[in-house]
2 protein chains.
Amino acid sequence: MTAEKTLKRLKQPTMYDVAKLAGVSQPTVSRVLNHNKTAVQISAATRQRVLDAVAELGYHPNVIARSLRTQRTGMISLLVADITNSFYHVIARAVQDVARQRDYEVLISNSDHIYSREMHFAEVLSKRVVDGAILVPIHLTDQDLDGFLSLANAPIVVLGQHIQHPNIDVVYGDDEAAMYEAARWMVNERGYREFGFVGVPEDLPPGPRRWRGFKRALDELGLGIDPRFMVMGDFTIPGGEEAARALIRASKRLPRALFVLNDLMAIGVILTLQDAGYRIPDDVAVIGFDNIPESTIVRPTLTTIAQDSHDLGVRLAEVLFERIDNPNITGRRLFRTACQIIPRQSA
Amino acid sequence: MTAEKTLKRLKQPTMYDVAKLAGVSQPTVSRVLNHNKTAVQISAATRQRVLDAVAELGYHPNVIARSLRTQRTGMISLLVADITNSFYHVIARAVQDVARQRDYEVLISNSDHIYSREMHFAEVLSKRVVDGAILVPIHLTDQDLDGFLSLANAPIVVLGQHIQHPNIDVVYGDDEAAMYEAARWMVNERGYREFGFVGVPEDLPPGPRRWRGFKRALDELGLGIDPRFMVMGDFTIPGGEEAARALIRASKRLPRALFVLNDLMAIGVILTLQDAGYRIPDDVAVIGFDNIPESTIVRPTLTTIAQDSHDLGVRLAEVLFERIDNPNITGRRLFRTACQIIPRQSA
DNA sequence: TGATGTAGTGCATACGAATACATGATTTCG
DNA sequence: CGAAATCATGTATTCGTATGCACTACATCA
């Protein structure tokens, strides 16, 4: 009698168990537990009996069953391009904070910039395990997203202006304008007149935009850029290191200042150039983008362009929840966040 | 007729829809789609008709409904203490890789070392949204975990030797032994004989263990430690900076070498000491713990003790899946991973 | 050739909670 | 004081899938 199968997992109590103990019906239990969300009244006596029974049994609602019935999961997902990139940490934390206030869970995934992982993520979406998704699409196209959006009945919000889908909201830092301003600042305030650029392959989202802002400023100022001083990386520190080595290989003389597409690569560039004997910023100045925490760890500290990533995260989450609460919202809504130059030692 | 409510979300097709289109019953569809997991046979003709119907409708199984029926979610969760600490990134990635191979999703959460968040996480567990959990408990006690374990019918695996629960598997890096070896190495190989220690409050898990290993080596070598050279932080870079300032305040003369409980704090210590005019390692040597990527960014590069975090992550995931597959496993199984000294410039 | 398998399929039900509807008890008001 | 309104609760059904069981058709064997 006592020695039942201890190995067998104990079954969780259900609303029926609570109802039986309290001497009421299962729906009554449901109504007591959701009384804030339902208009139905429950007598104080019944409520108390139910609550006592809940406490006695240690009852927890089964989230799966509830989700099946309500068609809501209480979860949103967040796809970041690189979990090791601190830029996304702040965003993730902000998203989680907003979600926590609404009793939502956040499912964080990591694509490592890999297309198939982004696709996999979108597929999970279409199986309806989450009520909505925030993503940072690097490879996913409007077409891909369109397919998933019509399958999934969940809204999508993206970080990055390049997604043009007519029914996906976009939050972005205005990096094109920021690059433009930064280039002018480097010339006018800092006095640099010869630049190099460490970017990413053309088709990767932030690349073309940041390049355009940069190029526009240079054009207006009547400055050109030597093609040998343009190299590409892959957003990571090793990518930056490789890019720096490529620069050195291409020409023993380096440009006076380097714009690097993001901070991680900028750090890689600095470390490699220093190892090769160049002084930063005396021989080569370096400016990055993102203002990640590591930018204050490198020496010299990294001059960079800050996206207000906390704000980005909060907006992303808020915009998504608006859509979740009100599925009738349509259209491509745009939310812009300004960027800001953070002058430090490297440029 | 065509202009139905476009605003209304389209309903996903269900197995019934597929069944109707294929001219079979719903269970048959289920059997076709799960044929690898079920012993039942299906004729080739029927299978093809069903698959065609699936393709035509773009059917996706509803994961929620399946979970309710099977009592499995296909998700595990991972609670890390600090999402900004790179040490956990490698673990997260390793866990995700193992999970991916088994078609499991990983729900990453972040406690920020906050007790209430750890509790919240455990509660989610007990509502059965995941099939198992990996966690890095900082504040959670054996008692807490015991409560949740008996509520949840899901196994728990933890990182960190301090959890002694008789039914929770433990994976850990052998940091006590590593600190012991590192202390001997600092004395015998590097020649330091006067040490300071930057730790964390006594009750926080890795603290006492790492301290014990360190202390044991010093005792054996007949070296003492000046109480003024012992300060505490909170695992973070700002925590390390504050600790360094406390050290300087306590005595203008600093110890010859500093053991710091983890790399993030070690970096904070280095940056602050440098700003205060101390040369690393000439005035003060610093050794950290974890071997996070940032340890190669600081200058001087950080001498540290490496945990094989990829291995830790893989083990954690594998151990968890073993338990998920075989709920009859009981007991506290221990899995140890060795640590390794990584000599760099800071000590 | 009738008893016995076996492959292929449908029927009914269960998972746990939420909700439309029905019902009985109580109050309200003309 | 009787009809209608209101309150409190129960009954029945639903969400989408998996699975035990029943059933048919056909093959197998003695």
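1. Contact here means heavy atoms within 4.5 Å. By that criterion, 57 residues of chain A meet 57 residues of chain B. The model is a predicted one, and the points below should be read accordingly. The area buried between chain A and chain B is about 5,400 Å², with carbon and sulfur atoms giving 57% of that area.

2. Polar pairing across the interface. The count of salt bridges between chain A and chain B is four. In one of the salt bridges, Asp82(A) pairs with Arg93(B), and the closest N and O atoms are 3.5 Å apart. Seven residue pairs are in polar contact across the interface of chain A and chain B, with both residues at pLDDT 80 or more. On the side of chain A that touches chain B, the elements giving two or more residues are helix H4 (63-70), helix H5 (86-101), strand E2 (105-110), helix H6 (115-126), helix H7 (142-151) and helix H11 (263-275) of chain A. That side of chain A comprises 24 nonpolar, 19 polar and 14 charged residues.

3. Helix H12 of chain B. This helix covers residues 309-325 of chain B, 17 residues in all. From its first C-alpha to its last, helix H12 of chain B reaches 24 Å, close to the 24 Å expected at 1.5 Å a residue. The buried residues of H12(B) are Ser309(B), Leu312(B), Gly313(B), Val314(B), Leu316(B), Ala317(B), Val319(B), Leu320(B), Phe321(B), Arg323(B) and Ile324(B). An α-helix has 3.6 residues a turn, so residues three or four places apart point the same way.

4. Ile280(B) is placed in the loop between helix H11 (263-275) and strand E9 (285-287) of chain B. Ile280(B) counts as buried because its relative accessibility is 9%, and the cut-off for buried is under 20%. Leaving aside neighbours within four places in sequence, Ile280(B) is in contact with Ile270(B), Leu273(B), Gln274(B), Val286(B), Pro300(B) and Ser346(B).

5. A buried arginine. Arg209(B) belongs to helix H9 (residues 206-220) of chain B. With a relative accessible area of 8%, Arg209(B) is buried. Not counting residues up to four places away in sequence, Arg209(B) touches Gln161(B), His162(B), Asp175(B) and Glu176(B). The side chains of Arg209(B) and Gln161(B) are joined by a polar contact of 3.2 Å.

6. Backbone geometry to inspect. Most residues other than glycine have a negative phi, and most peptide bonds are trans. In chain A, the bond joining Ile280(A) and Pro281(A) is cis, with omega about 0 degrees; Pro281(A) is in the loop between H11 and strand E9 (285-287) of chain A. In chain B, the peptide bond from Arg299(B) to Pro300(B) is cis, with omega near -5 degrees. Pro300(B) is located in the loop between E9 and strand E10 (304-307) of chain B, and Pro300(B) is one of the contacts of Ile280(B).

7. His113(A) has a positive phi near 60 degrees and lies in the loop between E2 and H6 of chain A. His113(B) likewise has a positive phi near 60 degrees, and lies in the loop between strand E2 (105-110) and helix H6 (115-126) of chain B. His113(A) is buried at 17% relative accessibility. For His113(B) the relative accessible area is 19%, so this residue is also buried, the cut-off being under 20%.

Methods: Residues are numbered from 1 along each chain as its sequence is written. Chains are lettered from A and ligands numbered from 1 in the order in which they are written. This is a predicted model: local features need pLDDT of at least 70, side-chain atom pairs count only at pLDDT 80 or more; totals for chains, interfaces and linings use all residues. Side-chain values use heavy atoms; hydrogens and water are left out. Buried area is the accessible area (1.4 Å probe) that two parts lose on being put together, summed over both. A salt bridge is a side-chain nitrogen of Lys or Arg within 4 Å of a carboxyl oxygen of Asp or Glu. A polar contact is a pair of N or O atoms within 3.5 Å; within protein, one must be able to donate a hydrogen and the other to accept it, and residues adjacent in sequence count only if both atoms are side-chain atoms. Helices (H or I, at least four residues) and strands (E, at least two) are DSSP runs, numbered from the N terminus. Ala, Val, Leu, Ile, Met, Phe, Trp, Tyr, Cys and Pro count as nonpolar, Asp, Glu, Lys and Arg as charged, and the others, Gly among them, as polar. The expected span of a helix is 1.5 Å times one less than its number of residues. Buried means under 20% relative accessible area, exposed over 50%, partly exposed in between (1.4 Å probe, protein chains only).
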